[in-house]
Amino acid sequence: MHVRQLLDTKAKNFIETVSEMQTLSDVVRRLAELKIGAVVVTDGDGGVTGIISERDIVRQLAAKGPSCLSSAVRDTMTKNVISAVPNDVAEDLLGKMTAGRFRHMPVIDDGTLIGILSIGDVVKAKMDSITAENEALEGMIRGF
Ligand code: AMP
């Protein structure tokens, strides 16, 4: 399965982003409201400049305490974002995320952010496809 198909199966793609100037408090609120684990950071033109996840915020809290919540996203975000393109094979993302030890992958098409996939999205798609394959094989064995 390609990344484009995987994005199409997700509930219609509202892409949550924040700006570098927003605070960690803003991010915490959005992560909690949307029940997600990371948001992409964009500049005024919609270009991706970073990503910030719950792990980044937990690390800051451990290092600096609650006062870090009023600091700007740009001081905590990961700047070197690894992203996917729609034609990537979804299963390949699992290897990249596992090797890089991160669980979120923005999808960028021709410079435009078109979605974000979590490792859970990719694992679910893989399990669905294994289930479908098993059912097809069972059907063949039973002569349906
Ligand atoms: P996560 O597992 O997604 O919560 O992220 C773990 C760490 O990897 C955090 O420091 C994130 O900022 C960073 N991270 C998450 N996604 C990516 C990505 N696609 N590219 C680079 N770093 C990432």
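This is a predicted model: local features need pLDDT of at least 70, side-chain atom pairs count only at pLDDT 80 or more; totals for chains, interfaces and linings use all residues.
Residues are numbered from 1 along each chain as its sequence is written, and side-chain values use heavy atoms, with hydrogens and water left out.

Me: Why is α2 called oblique to α3?
Reply: Helix α2 (residues 24–34) and helix α3 (residues 54–64) pack at an angle of about 135 degrees, with their axes 11 Å apart. Angles under 35 degrees count as roughly parallel, over 145 as roughly antiparallel and 65 to 115 as roughly perpendicular, and the rest are oblique, so α2 is oblique to α3. The crossing of these two helices, α2 and α3, is left-handed.

Me: What makes the contact between α2 and α3, and which residues meet there?
Reply: Contact means heavy atoms within 4.5 Å, and L24, V27, V28 and L31 in α2 meet E54, I57 and Q60 in α3. By class, this contact of α2 with α3 has five nonpolar residues, one polar and one charged.

Me: Which residues lie closest to the centre of the second largest pocket?
Reply: The second largest pocket holds about 320 Å³ of space, and of the 17 residues that line it, the closest to its centre are I51, S53, T78, R101 and F102. A residue counts as lining if it has an atom within 4 Å of a point of the pocket.

Me: Which elements each supply at least two residues of that pocket's lining?
Reply: They are β3 (48–53), α3 and β4 (104–109), for the second largest pocket.

Notes
Axes are lines fitted to C-alpha atoms, for helices over the stretch in contact, and angles run from 0 to 180 degrees between N-to-C directions. Helices (H or I, at least four residues) and strands (E, at least two) are DSSP runs, numbered from the N terminus. A crossing is left-handed if the near helix is turned anticlockwise from the far one by less than a right angle, and right-handed if clockwise. Ala, Val, Leu, Ile, Met, Phe, Trp, Tyr, Cys and Pro count as nonpolar, Asp, Glu, Lys and Arg as charged, and the others, Gly among them, as polar. On a 1 Å grid over the protein atoms alone, a cavity is a set of points where a 1.4 Å probe fits but cannot get out, and a pocket is an open set with protein on both sides within 12 Å along at least five of seven lines; lining residues have an atom within 4 Å of a point. Grid points are joined across faces, edges and corners, and a volume is the space filled by probe spheres set on the points.
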